[in-house]
Amino acid sequence: MGSVGTNEIRIGMKVEIDREPYLIIANEFVKPGKGQAFNRIKVKNMKTSRVVEKTYKSGEKIELADVEERQMRFSYKESDGAVFMDDQTFDQITIQNQLLGDRGQWLKEDALFEIIFYKGEPIDIIPPTFMEMKVTETAPGIRGDTASGRVMKPATTETGAKVQVPIFVEEGERIKVDTRTCEYVSRVNA
Amino acid sequence: MLKIRAQKLQEARRFFETRNVLEVDCGALVKRAPLDPNIDCLPVEEAFLHTSPEYALKKLLAKGIGDCYFLGHVYRKEELGSLHNPEFTMVEWYRLGFTLSQMIQETAAFLSIFVGELPVQILSYRTAFEKFLDIDYREVPLQILQNLAQNDTWSRRDCLHYLLSQKIEPHLGRNTLTALTSFPASEAALAKTAIVDGEEVSLRFEIYYEGIELANGYHELSDASIIKERFQKTNKAREQAGKTPYLLDENFLASLDKLPDCSGVALGFDRALMLHLKLPSIQYVLPWGLPFLDNRDDTTFIQRFGSHPKTDGGLTPLEFCCMNSSDDRANKI
């Protein structure tokens, strides 16, 4: 991979620092009156999500990270992970349970995920921001106390996600969920 | 914002008029680049855009024009950030016979146009390092400086620049104007040096408000041979840093022996205006700044600086600046 000079730094760039891939989330040009100029950047480790600050002298080079993003479709679950497939190349890949983490609750057949590869190895998976899914388990709604605004109750969806839904939502209904916040968005008409 | 900017430009000019300081309109295009280890010029076909009007004004001072100021645009290559822009507005003025402390007082008086009357705290470079980092910058081993700067490849000077800008400046000028003085002799640029408490220091100051550097002043050195020596050292430093050395402005050097005893200061007009309007970046007070380019398309701005913070009124600073001044929210400021 190439490298960039400090004046080319942009938020959203992926760089390699100490052999780890980082995403640039903030960049500040600092220069004391008559002194050396610096760029102070805030970066997020793409594997661990840990955020650190780094400072470079202006003119120093930063290595770009060999990061690739691919859209891949969820196929099926195995005991040690989940299998995804690339629609174009038919490449298949198994994402280990450890990497899946709590994203496992969004594994819905045929859903298109974004998979981040660093040097060819998957390091992160991102589900679609909004997903539609069936409510498989929730207590029946109790009529009455709706005056105080939206009253919510717990529900479980077909993918195993636990979401708070309004009391009028019933088992078997389809709902739209924001996967970033794990929040109910709306009912989906069949 | 445009109206307030225009009003402050007028007030700035009135400030000098009442003090009998002559406005001089220096050309921006210069044959020889102003020399500094860390400031680069934008080149224009065998010439440069000036990074400050210092040489031009000093040549005129040597010819006897007396107290004078420049209020206009200067240009610095690759300086872009919330407090920097390649084209910005500088106020630079010279006062015959002024001592450094008189110059500090007058700079504070000028800044009152923007931030109101404030007390001035004087702090020496050495005391600042003692106070905020608990080190004596002259004696501290390089390794400790590098540890403090969290970088084991930087030179002593780089570390000091870093620590000053990151660990000291943010504390300066809180509810007061802080004048940082007595910089090391190696940071004298075009200022005189003197022995203070057994240490050779620069007769130079910088003024801070709210952690932001606003002005840089000198008791001006008129010894051409010392300045030439410093220039040659500067060019060597530029070469070592992989920068182009610049040809010396021999006319400027030749004029120096006639330079009267004077002090001078250069002040960032846009930063002062930004503080007046309580905005987080000078980009919002430059009618040619990033948020105002590209038909107010914010993409470039956001890539550089992240999203817009919100002002007290719940508006982004850009919305705030672009607001019609008839809007009553604009009258709050």
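Colleague: At what angle do helix 4 and helix 6 of chain B pack?

Modeller: Helix 4 (residues 125–133) of chain B packs on helix 6 of chain B at an angle of about 60°, and the axes are 11 Å apart. Helices are DSSP runs of H or I with at least four residues, strands are runs of E with at least two, and both are numbered from the N terminus. Axes are lines fitted to C-alpha atoms, for helices over the stretch in contact, and angles run from 0 to 180 degrees between N-to-C directions. Helix 4 of chain B is therefore oblique to helix 6 of chain B, as angles under 35 degrees count as roughly parallel, over 145 as roughly antiparallel, 65 to 115 as roughly perpendicular and the rest as oblique.

This is a predicted model, in which local features need pLDDT of at least 70 and side-chain atom pairs count only at pLDDT 80 or more, while totals for chains, interfaces and linings use all residues. Residues are numbered from 1 along each chain as its sequence is written, and chains are lettered from A and ligands numbered from 1 in the order in which they are written.

Colleague: Which residues of helix 4 and helix 6 of chain B meet?

Modeller: B:A128, B:F132 and B:L133 of helix 4 of chain B meet B:L163, B:K167 and B:I168 of helix 6 of chain B; contact requires C-beta atoms, placed from the backbone, within 7 Å. Of these residues, 5 are nonpolar, no residue is polar and 1 is charged (Ala, Val, Leu, Ile, Met, Phe, Trp, Tyr, Cys and Pro count as nonpolar, Asp, Glu, Lys and Arg as charged, the others, Gly among them, as polar).

Colleague: And how far apart are the axes of helix 5 and helix 6 of chain B?

Modeller: The axes of helix 5 (residues 142–149) of chain B and helix 6 of chain B are 9 Å apart, at an angle of about 40°. These two helices of chain B are therefore oblique to each other as well. Their contact includes B:L142 and B:L145 from helix 5 of chain B, and B:C159 and B:L163 from helix 6 of chain B. It divides into 8 nonpolar, 1 polar and 1 charged residues.

Colleague: Changing topic, how many residues does each chain bring to the contact between chains?

Modeller: Chain B brings 23 residues and chain A brings 20. On the side of chain B that touches chain A, helix 6 (156–168), strand 12 (212–219) and helix 10 (299–305) of chain B each supply at least two residues. Helix 6 of chain B gives the most, with 5 residues. That side of chain B has 4 nonpolar, 10 polar and 9 charged residues.

Colleague: What is chain A built from?

Modeller: Chain A has 1 helix and 16 strands. Its C-alpha trace spans about 70 × 45 × 25 Å along the principal axes.

Note on methods. Two residues are in contact if their C-beta atoms, placed from the backbone, lie within 7 Å.
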